[in-house]
Amino acid sequence: MVSSARMAKIKAISYRCAIYAIALYILAIAQVSFFGKINLFGATPDLLLAAIAVLCMKEEHNICTICGIISGFFYFALGGGQSPLYIIFSFFCAYLFYFVAEHSPSRKFVSYLTLCALMFAAKAVFTIIETSLFSSSFVVIRIFGTVVLPEYVSSMAFCSVSYLLFSIIAGLIHKKSTKG
């Protein structure tokens with residue numbers, strides 16, 4: 001039998017994940033459609049990974065990991081990822097970088113930018129590995145110059161969009177949970 005306190009905790013986690021899932025879905029659509037056409041520096045920014053960085057700083061570990069899986073799924077399902085391996089990558093980023101954020105000296109925007117820089121560096125490594133697995137003509141320098149570096153720079157340039165959106169949502173969720 002599940003205690004009422006445990007059931008309340010499960011409901012709170014489910015509620016938060018549902019709200020974040022809706023926001024991640026909207027952000028995934030914006031990333032694939034609107035930001036996919038902007039192509040700053042020749043690449044589409046990864047707003048979903050930046051959103052996971054916000055959640056790593058503002059939410060509990062289990063919510064981050066669940067949202068990591070959700071964002072990876074949305075990114076792949078909407079055509080943003082080459083393979084379903086991105087779902088696993090997104091999960092691991094949420095799982096591992098939560099601990100980095102937890103040991104951050106502050107939860108301010110500068111710490112968020114640092115966390116994003118680390119996550120996007122991890123994505124650069126992931127992109128190189130994924131491309132080497134699924135490409136018949138793999139040249140590291142070419143992939144780095146045409147895909148990895150432009151994506152890193154454009155993601156860092158637009159990561160404030162995710163910060164603003166998910167900071168507001170997290171603030172509203174936390175405000176509601178302290179009231180009721």
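The model is predicted, so to speak of its confidence: local features need pLDDT of at least 70, side-chain atom pairs count only at pLDDT 80 or more, and totals for chains, interfaces and linings use all residues. Residues are numbered from 1 along each chain as its sequence is written, and side-chain values use heavy atoms, with hydrogens and water left out.

**The largest pocket**
- A pocket here is an open set of points on a 1 Å grid over the protein atoms alone, with protein on both sides within 12 Å along at least five of seven lines; lining residues have an atom within 4 Å of a point.
- Helices (DSSP runs of H or I, at least four residues, numbered from the N terminus) H1 (4-32), H6 (109-134) and H7 (140-179) each give at least two lining residues.
- H6 brings the largest share, five residues.

**The largest cavity**
- A cavity is a set of grid points where a 1.4 Å probe fits but cannot get out, and the count comes to one cavity of 30 Å³ or more.
- The largest cavity has a volume of about 40 Å³.
- Phe120, Lys123, Ala124, Val148, Glu151, Tyr152 and Ser155 form its lining.

Conventions: Points joined across faces, edges and corners; volume = space filled by probe spheres on them.
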